[in-house]
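Here is a short report to read alongside the model. Please keep the viewer open as you go.

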Amino acid sequence: MKFQTARPVAGITVYQPGKPIEEVERELGIRGSIKLASNENPLGPSPRALEAVQRALAGIHRYPDGGGYYLKRALARHHGLTPENFVLGNGTNEVLELVAHACLDPGDPVVFSEGAFIVYLIVSQLASCELRTAPMRDFTHDLEAMAARVDGRTKVVFIANPNNPTGTAVGERALRRLLERVPERTLVVVDEAYCHFAHREDYPDAVKLLPEFTNLVALRTFSKVYGLAGLRVGYGAAHPEVISAMERVREPFNVNSLALAAAEAALEDHAHVERSIRVNAEGREFFVRELAALGFPFVPTQGNFMMVEVGDAKGVYEALLREGVIVRPVAGYGFPRHLRISIGTPEENRRVVEVMAEITGK
Ligand SMILES: *Cc1c(COP(=O)(O)O)cnc(C)c1O
């Protein structure tokens with residue numbers, strides 16, 4: 001074949017998703033596997049979202065509401081902002097792409113941390129940007145080091161708070177200091193996919209900081225605490241002028257009608273959100289206790305997953321797979337000795353710890 005790709009394509013880092021259960025079972029000829037590899041909600045979707053999807057099904061011969069009127073109105077009410085403060089995406093991943101399409105020209109410097117969510121790297125490569133990465137400190141974004149890499153030409157800074165895969169979060173003082181230090185025309189994108197699980201006292205809610213900083217973009221997703229990863233819906237909250245630029249580069253019907261209906265219902269399903277946070281906190285405490293008892297070092301987490309040092313991560317990952325336990329290798333993020341394990345139901349958590357103890361002889 002003789003077709004030619006666009007210039008950035010060959011250099012793009014390939015995203016490695018968690019292995020689906022069906023694939024593992026097909027390849028290994030096993031049954032009854034568990035997946036703790038993609039930080040999904042172990043309790044399933046919000047029941048209210050499921051009902052909303054049922055009701056919306058009869059209308060799927062129609063195009064969705066491209067403007068997402070009702071969901072944006074619900075988000076505005078939820079956050080005490082206006083619908084003009086929101087852009088919707090086919091997952092937060094698409095919103096990250098919208099940031100790149102709306103703001104980044106080839107050669108523009110972008111700043112993010114080493115060991116940060118890999119999609120910042122991918123969208124920056126796609127836009128042919130100059131990558132300026134800062135090393136982490138204790139598995140945590142070093143916002144001082146990141147701010148030092150920002151100059152007058154820097155268009156975007158990406159921060160995951162809490163970060164995936166390390167699970168660490170930065171506090172309000174550090175975030176404010178960065179926001180005050182960078183030029184007003186540099187966008188600071190704070191990805192809060194796991195904000196519901198963050199429990200440090202000084203965890204900053206970036207959406208609440210929007211009135212103070214016109215260059216701030218807060219990202220949220222329906223894939224984690226709301227349990228709607230399969231429907232693909234997330235959003236960005238920012239100053240209306242920033243939103244309007246992203247709306248210009250957005251495809252007309254990027255979020256489907258089932259996702260719109262589900263997200264609107266899930267947003268107000270407080271019982272499901274609270275239950276999910278509680279089950280996660282209990283699972284986190286279980287892991288902390290059990291992993292310490294077994295002598296596995298781990299990174300204390302503010303998320304719904306945990307990065308655990310197992311040594312031969314590839315070997316342990318493959319041994320876990322053979323036992324029907326799917327976790328996530330993170331060598332691609334620069335952590336070849338760790339595995340990332342999502343916090344699951346109590347039974348799932350017990351099983352992964354038992355199997356880990358077994359295969360490592362602990
Ligand atoms: C899971 C995750 C998201 C959410 O992605 P979606 O496209 O909304 O599913 C965003 N950011 C981080 C850091 C994540 O881990």
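What follows covers the ligand site and then the salt bridges.

## About the model

This is a predicted model, in which local features need pLDDT of at least 70, side-chain atom pairs count only at pLDDT 80 or more, and totals for chains, interfaces and linings use all residues. Residues are numbered from 1 along each chain as its sequence is written, and side-chain values use heavy atoms, with hydrogens and water left out.

## The ligand and its shell

Which side chain has an N or O atom 2.6 Å from a nitrogen atom of the ligand? That is Asp191. Oxygen atoms of the ligand lie 2.6 Å from a side-chain N or O atom of Ser223 and 2.7 Å from one of Arg232. Taken alone, the ligand exposes 380 Å², and the protein buries 94% of that (Shrake-Rupley method, 1.4 Å probe).

## Salt bridges

The structure holds 21 salt bridges (a side-chain nitrogen of Lys or Arg within 4 Å of a carboxyl oxygen of Asp or Glu). One joins Lys155 and Asp105, at 3.6 Å from N to O. Another pairs Glu40 with Lys35, their closest N and O atoms being 2.9 Å apart.

Note on methods: A polar contact is a pair of N or O atoms within 3.5 Å; within protein, one must be able to donate a hydrogen and the other to accept it, and residues adjacent in sequence count only if both atoms are side-chain atoms.
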